[in-house]
Amino acid sequence: MISPIKLYNTLTKQAEEFVPIVPNKVGMYSCGPTVYWHQHLGNMRTFISNDIIKRMFLANGYDVAHVINLTDVGHLANDEEDEGDDKMERKAKEEGRSVWDIAKEYTESFVSDIADLNVISPTYMPRATDFIAEQIEQIQKLEDLGFAYVIPEKGVYYDTSKFADYGKLSGQDLSKLRGGERVDTTGKRNHTDFLLWGFSPNDGTKREMEWESPWGIGWPGWSIECTAMGTKLLGANFDIHTGGQEHINIHHTNEIAQQEPSIAHKPWVHTWVHFGWLMGKDAKLSKSAGDALTVPLLKSKGYDPMAFRYMMLMGSYRSPMDFTWDALDAAAQGYKNIVKKVADIRRGVLHTPSGASIAPLQYEGWKNKILSAVNDNLKTAVALSVLQELLSDDATDAATKLEVIRFVDELLGLQFMDRAQKLLDAGDVAVPSEIVALADARAAAKAAKDWARADELRAEIDRAGYAVVDTPDGFQLGKK
Ligand code: AMP
Ligand code: ZN
């Protein structure tokens with residue numbers, strides 16, 4: 001029996017059994033990178049967690065439509081107060097380059113980092129600047145419904161006093177949120193009101209990114225991009241929305257306020273998932289603080305990015321985790337130990353032509369135990385401890401073990417089989433992958449009773465200096 005999928009929902013503040021809007025389909029939106037610099041390892045923790053959610057749904061037979069957006073406009077330096085420079089424009093000025101150039105460089109860096117971490121590419125990776133019309137349309141709708149007002153020379157703002165449910169995601173008292181101790185000098189009606197459309201300055205300076213709108217030339221506020229693109233790509237309602245925990249109080253609260261007034265079915269998003277931060281020495285890792293812990297840095301120091309992924313999966317996704325080099329070293333060692341055990345199983349023994357020699361009941365038993373752990377609100381550390389049990393279980397044959405490990409690779413994306421093969425390829429007693437392929441082909445020929453072909457392949461293996469010996473599990477391969 002596989003446990004049902006349960007996820008902790010920030011909206012209801014409990015772990016809930018997942019019920020899709022459309023059977024066997026999941027629409028999921030993940031707040032993506034602001035592309036003015038490299039993404040740090042904290043950001044990567046979030047994208048690994050997103051990837052586990054996606055892999056879990058795939059392993060349970062769902063079709064997943066996944067959006068990770070690229071914020072290339074409108075994210076202000078002070079996003080709590082909705083004030084300050086646009087992070088993209090500021091960086092471009094500092095470097096004397098065009099904003100578009102900056103966006104391109106850091107988008108490429110993001111794509112390369114998630115590939116190194118074996119994060120499955122999202123179905124859609126929309127750029128905010130490609131969806132300006134949709135954002136204007138959404139602001140227009142809010143204005144028509146009476147939720148928007150203009151502050152001259154500043155922009156179009158959302159009036160949070162008009163949306164009764166404003167505090168529902170954060171669970172905070174609205175009056176406290178709205179009033180605050182500070183006297184608002186920005187011209188906003190309520191302290192929590194936020195920018196939907198900013199006006200370009202009329203002091204002679206010019207923004208690089210700006211567009212015409214019904215309210216004047218300007219640029220979209222930060223949160224409107226996520227509602228506009230989510231709606232366009234996933235529909236008026238969708239299943240899951242994710243992001244780091246700092247987005248609960250403002251960005252995601254604002255997204256809900258933007259979408260719910262104009263849709264028939266509420267809540268807009270059924271499950272809100274928020275990830276714990278990866279912490280630096282004293283604080284959350286953050287790009288604005290200039291934290292330079294990145295995937296390329298790990299690689300330059302000789303770490304396998306899988307060691308970092310393994311470290312993240314040993315923690316609980318909602319809890320904060322400290323990043324230290326010692327902790328990463330321990331994780332790297334733990335990861336290598338598993339890879340070595342997998343290589344020991346792979347070395348010599350094995351193959352499973354058409355899966356015939358695995359023990360199906362045992363395989364299902366292990367697989368269900370591992371999948372159940374992940375289905376239970378992403379208990380990846382428990383899944384990894386079941387894997388450890390499997391590796392040292394004498395009652396499970398090698399072929400079955402390898403089949404389970406292949407499943408773990410699909411589910412957790414830790415590339416154990418690949419790294420084990422690399423270890424075998426590199427070692428003294430390594431059997432190169434071409435020879436393993438020959439032996440696999442021979443096993444397949446035998447299974448098809450093509451004895452002549454099987455003999456030819458054995459001769460070829462022999463000429464290359466290796467020997468193949470049949471075993472009850474499959475075969476053993478080694479140097480002659
Ligand atoms: P950003 O590029 O800053 O907009 O962030 C991209 C994603 O990473 C967002 O979902 C953030 O919430 C998340 N994030 C930012 N800092 C951290 C951190 N230290 N730990 C975990 N996730 C983070
Ligand atoms: Zn967002």
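Where does G413 lie? G413 sits in the loop between helix 13 (398-412) and helix 14 (416-426), and that loop is one stop on this short tour of a predicted model. Helices (H or I, at least four residues) and strands (E, at least two) are DSSP runs, numbered from the N terminus. The protein has 16 helices and 16 strands, and its C-alpha atoms fill a box of roughly 85 × 50 × 40 Å along the principal axes.

Two notes on how to read what follows. Residues are numbered from 1 along each chain as its sequence is written, while chains are lettered from A and ligands numbered from 1 in the order in which they are written. In this predicted model local features need pLDDT of at least 70 and side-chain atom pairs count only at pLDDT 80 or more, with totals for chains, interfaces and linings using all residues, and side-chain values use heavy atoms, leaving out hydrogens and water.

**Overall picture**

- Of the 480 residues in the protein, 54% are buried (under 20% relative accessible area; exposed is over 50%, partly exposed in between, with a 1.4 Å probe and protein chains only).
- Among contacts (heavy atoms within 4.5 Å) between residues at least 6 apart in sequence, 74% join residues at least 24 apart.

**The zinc site**

- The zinc ion (ligand 2) has C31 (SG), C226 (SG) and H251 (NE2) as its protein donors, at 2.0 to 2.2 Å. Donors are N, O and S atoms within 2.8 Å of the metal (3.2 Å for Na, K and Ca), and water is not among the atoms, so sites may look incomplete.
- In sequence, the spacing of these donor residues reads C-x194-C-x24-H.
- C226 belongs to helix 6 (residues 224-234) and H251 to helix 7 (residues 248-259), so this pair ties together parts that are 25 residues apart in sequence.
- C226 is buried, at a relative accessible area of 1%, and H251 is buried with a value of 1%.

**Helix 3**

- Helix 3 (residues 99-116) has 18 residues, and at 1.5 Å a residue it should span 26 Å; its end C-alpha atoms are 26 Å apart, which agrees. The expected span is 1.5 Å times one less than the number of residues.
- Its buried residues are V99, I102, A103, Y106, T107, S109, F110, D113 and I114.
- Just after helix 3, N118 takes a positive phi of about 60 degrees.

**R55 and G413**

- R55 lies in helix 1 and counts as buried at 8% relative accessibility.
- Leaving aside neighbours within four places in sequence, the contacts of R55 include N118, R309, D409, E410 and G413.
- G413 counts as buried at 0% relative accessibility. Not counting residues up to four places away in sequence, G413 touches R55, N118, M306, R309 and V408.

**H75**

- H75 is found in the loop between strand 4 and strand 5 (76-78), and at 7% relative accessibility it counts as buried.
- H75 and K87 are 12 residues apart in sequence and 6.0 Å apart in space, C-alpha to C-alpha.
- Beyond its neighbours within four places in sequence, H75 is in contact with T34, D85, D86, K87 and W222.

- On a 1 Å grid over the protein atoms alone, a cavity is a set of points where a 1.4 Å probe fits but cannot get out, and a pocket is an open set with protein on both sides within 12 Å along at least five of seven lines; lining residues have an atom within 4 Å of a point.
- Grid points are joined across faces, edges and corners, and a volume is the space filled by probe spheres set on the points.
- The second largest pocket has a volume of about 520 Å³. Of its 22 lining residues, the closest to the centre are G84, F199, P201, R207 and W219.
- Strand 6 gives the largest share of that pocket's lining, four residues.
- The whole structure holds three cavities of 30 Å³ or more, and the largest cavity contains about 90 Å³ of space.
- Helix 1 supplies the largest share of the lining of the largest cavity, four residues.
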